[in-house]
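Subject: Structure handover

Hello,

Here is the structure I promised to pass on. Please open it beside this email and follow along.

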Amino acid sequence: LLVAPAPLAVFAFGLGLRAVQENVRSANPITAIRLGVREAWETILEVVLTLKRMVGGDIRATNLGGIITIGQVTHGFAAQGLLPLLLFLCMISVNLAVLNVLPLPALDGGHILLVLIEWMRGQPVSLRARNAFNLVGFGLVIALLIFVTSLDLRRLFG
């Protein structure tokens, strides 16, 4: 009995589309670091703009993708070679970093918000309030995870 993996379905979610690519290289390490920081900053600005457009209703929630979409898009970049894969992974890392510092409960940004509230009040937030804050955040993160996974499954099987 021979078992072979089924080919992955290819979806066009924006990241999967082939865009004009520009490779920027520098033999000077300082210049290369400067270019990398500039690209990371531009990615941060794009993430913030996208979040604003989502909150404003310009981007539909059905455009979100979860772990299945991330896996498929990662596979697409890996098929293009090591450099495109590494650039995509860097982009994912920057996206996650920006999302993580949003002042939402259960994320690092939520913990920073609690520390700022404690600093402004001059006293700690009660353990009960802190736990409720984190529980709500955890629930929101789980709800988002379920939502984007259901979108992924609908795209995959629908």
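Below is what was found in it, from the overall picture down to single residues.

**How to read it**

This is a predicted model, in which local features need pLDDT of at least 70, side-chain atom pairs count only at pLDDT 80 or more, and totals for chains, interfaces and linings use all residues. Residues are numbered from 1 along each chain as its sequence is written, and side-chain values use heavy atoms, with hydrogens and water left out.

**Overall**

The protein has 5 helices and 0 strands. Helices (H or I, at least four residues) and strands (E, at least two) are DSSP runs, numbered from the N terminus. The order from the N terminus is α-α-α-α-α.

Confidence is given as pLDDT, the predictor's own score for each residue, from 0 to 100. Its mean over the protein is 85. A value of 70 or more is reached by 85% of the residues. Confidence is lowest in helix α1 (residues 29-55), with a mean of 90. It is highest in α4, at 94.

The protein has 158 residues, and 16% of them count as buried. Buried means under 20% relative accessible area, exposed means over 50%, and partly exposed lies in between (1.4 Å probe, protein chains only). The accessible surface comes to about 11900 Å². Carbon and sulfur atoms account for 70% of that surface. Areas come from the Shrake-Rupley method with a 1.4 Å probe; for residues, only the protein chains shown count as cover.

Now contacts, meaning heavy atoms within 4.5 Å. Take those between residues at least 6 apart in sequence: 61% join residues at least 24 apart.

**Helix α4 and its ends**

Ala106 sits in the loop between α3 (82-100) and α4 (108-121). Its phi is positive, near 75°, and the residue is not a glycine. Ala106 is partly exposed, at 32% relative accessible area.

Helix α4 has 14 residues. From first C-alpha to last, α4 reaches 20 Å, close to the 20 Å expected at 1.5 Å a residue. The expected span is 1.5 Å times one less than the number of residues.

Which residues of α4 are buried? They are Gly109, Gly110, Leu114 and Glu118. Their cover includes α3 and α5 (127-157). After α4 comes Gly122, with a positive phi near 80°.

**Salt bridges**

A salt bridge here is a side-chain nitrogen of Lys or Arg within 4 Å of a carboxyl oxygen of Asp or Glu. By this rule there are 4 salt bridges.

One of them joins Arg130 and Glu118, at 2.2 Å from N to O. The pair links distant parts of the chain: Arg130 is in helix α5, Glu118 in helix α4, and they are 12 residues apart. Arg130 is partly exposed at 27% relative accessibility. Glu118 is buried, at 18%.

Arg38 pairs with Glu42, and their closest N and O atoms are 3.9 Å apart. Both lie in helix α1, 4 residues apart, about one turn of the helix. An α-helix has 3.6 residues a turn, so residues three or four places apart point the same way. Arg38 is partly exposed, at 42%. Glu42 is partly exposed too, at 34%.

Arg155 and Asp152 form another bridge, with closest N and O atoms 3.2 Å apart. Both are in helix α5, 3 residues apart, about one turn of the helix. Asp152 is buried, at 3% relative accessibility. Elsewhere, salt bridges that share partners join Arg38, Glu39 and Glu42 into one network.

**Helix α5 and the surface**

Ala129 is in helix α5. Is Ala129 buried, partly exposed or exposed? Ala129 is partly exposed, with a relative accessible area of 36%. Ala129 and Leu114 are 15 residues apart in sequence and 10.0 Å apart in space, C-alpha to C-alpha.

Last, a nonpolar surface patch. Leu135, Phe138, Ile142, Leu145 and Ile146 form it, with about 500 Å² of accessible area together. Patches are made of residues with over 30% relative accessible area and no salt bridge; like charges are joined within 9 Å, and nonpolar side chains (Val, Leu, Ile, Met, Phe, Trp, Tyr) within 5 Å. Leu135 belongs to helix α5. Leu135 counts as exposed because its relative accessibility is 61%.

Best wishes
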